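Hi everyone, thanks for coming.

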Amino acid sequence: MTTATKLNGQTEKITALYCRLSQDDGREGESNSISNQKDILQAYARQKGFLHPEFFVDDGISGTTFERPSFQRMQRMAEAGEISTIIVKDLSRFGRNYLEVGKYLEIQYPTLGIRFIAIQENVDTCSNTGTELMPFSNIFNEWYAAQTSKKIRAVWQSKAAKGECISSSVPYGYKKSEANPKQCHRHPAAEVVRKIFDLCLAGRGPLQIAKQLEKEQILVPTAYYHSMGRKVSNPLPAEPYQWSSSTVENILANRQYTGCTVNFQTTTVSYKVHKTVYKPEEEWQIIPDTQEAIISEVLWERVQELRQNKRRPTATGRKSLFSGLVFCPDCGAKLHFCAAKSLKRNQEFWRCSNYKDGRGKCKIHYIRDVVLEKIVLEAVSDLSDFIRCYEPVFLYLMAQKQSVGRQADLQTLRTTVENGERRIQQIDRAIQGLYEANMDGKITDERFMKMTESYEAEQKQLTVQLSEAKEKFRTAEQNKVDLRLLLKTLREFSEVRTLTPELVNTLIRRIEIHNNDKYDGHCHVKVDIYFTGVGMIDVPTEQEIQKLMDELQPKEATRIPA
């Protein structure tokens, strides 16, 4: 018998025995296990005389996608003419997307001259057995995947409602508890996370932080997991110390390092399209105090503020302590830090980015960096001395400053938000009622369009108002956090003699440089310093402090916790 007259008309081409199992399929029991599929396929091939059998196995991959390693390898061999027959236990093992399954089984494989067999459904494309019902079987297989997806999402919603984490992985710096997989604890890598936040607070950008970590030979997360023997989907990187700025950015933006759990940050397009889609922040579920915190909530909030103002070094590589914090009070633009090789340290200066050598739309707003540093150091030192010596008076001043109209304003905002949300829901119901009335012929199309346009315009305006009100609430809450951070930082210093990037970025939110004002034969520059959580503050004189202490005697200042 020659190679051209093998059994079943098969030449030297192989018989592909394809197996697939996903976590969802595994719920159906042992009958779908990979070992069981292999036994059935091997026995069938031996009984029917199929030659050169070769297994292709995708374990743990959903049938709704065809981006499976072994399937793709089998497909490449099929297109290269190396496969004569493909055998599966049942059609659901091949796939659960009836459009894609139909494309392969009814178009591609017949075109390539490949015989397809599904044992359980008795499908054989060579003899046309079972092919009439094959499309219906594929539809039911996809329906099963759709129902399973709905059930899984319902389970996630139920777990989230109980305050449980629904993610199968934990952030870098944590590890799952062996005693309770639902909990996780800090890992030695938590020190790297802390270092990244400290470097950001010191004024370093993500790329600079990445280079620093690479210089110190700190393993990237994937390489670190491999070194621990932890199972990860990504292979060991060729450069285990080469951090990327995107990795650093993701760590800096991850709120879970404050000890909370964040659910529903992402979703997929559908159960068939597994592309990850990021959901808006208002749809996230944040559960506080679910794990050990690596960094404080206050530090995380301050880092997010700093990340909003990008800090780029000059062409010389030099950068000011105040990069990203200095603004023009007239046009609102950032001031540009000017440092050139021809300039000495005491000659480096700031100017408005809209000045453009006198041709722009703003004035120069000039100040030398060393002068600005001296002014800021004096302001920080005075505030530190004031808080250290007269903290009750400081808190009393802050309470007075914040109480003026604040409660009334917050109540107005709260009422605006509640009424707005209620009205938006009413409009949704009204539009739905109009749609049903239009479908029933109770109102004309013209009337329907006119009324819905009016409702949608009102809803759009309400949405803008709600967004503004919620932003004001967020700012008020942020000011509380910033004030705690300012107090905590200044309490730790008995005396402020020098400024550091960490100190500046912790204490100062914004610096405004006014344009030069010449009088008395001198050039005067007004500098407004806005401290975090406090804003602008003039440290009172000794006489003013004494007067405030007299006012405070019958009262009791509320100490803001550190």
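Let's begin with Tyr-390, which sits in helix α12, residues 369-403; helices here are DSSP runs of H or I with at least four residues, strands are E runs of at least two, and both are numbered from the N terminus. Before going on, a word on the source: this is a predicted model, where local features need pLDDT of at least 70, side-chain atom pairs count only at pLDDT 80 or more, and totals for chains, interfaces and linings use all residues. Residues are numbered from 1 along each chain as its sequence is written, and side-chain values use heavy atoms, leaving out hydrogens and water.

Leaving aside residues up to four places away in sequence, Tyr-390 touches Glu-542, Ile-545 and Met-549, contact meaning heavy atoms within 4.5 Å. Tyr-390 and Ile-545 are 155 residues apart along the chain, yet their C-alpha atoms are separated by 8.2 Å.

That theme carries over to the whole chain. Among its contacts with a separation of 6 or more, 65% are between residues 24 or more positions apart. The protein chain has 16 helices and 19 strands, and 40% of its 562 residues count as buried.

Finally, a helix pair. Arg-194, Phe-197, Asp-198, Cys-200 and Leu-201 in α7 meet residues of α11 including Trp-300 and Arg-302. Thanks, happy to discuss!

Key
Buried < 20%, exposed > 50% of the residue type's maximum accessible area, 1.4 Å probe, protein only.
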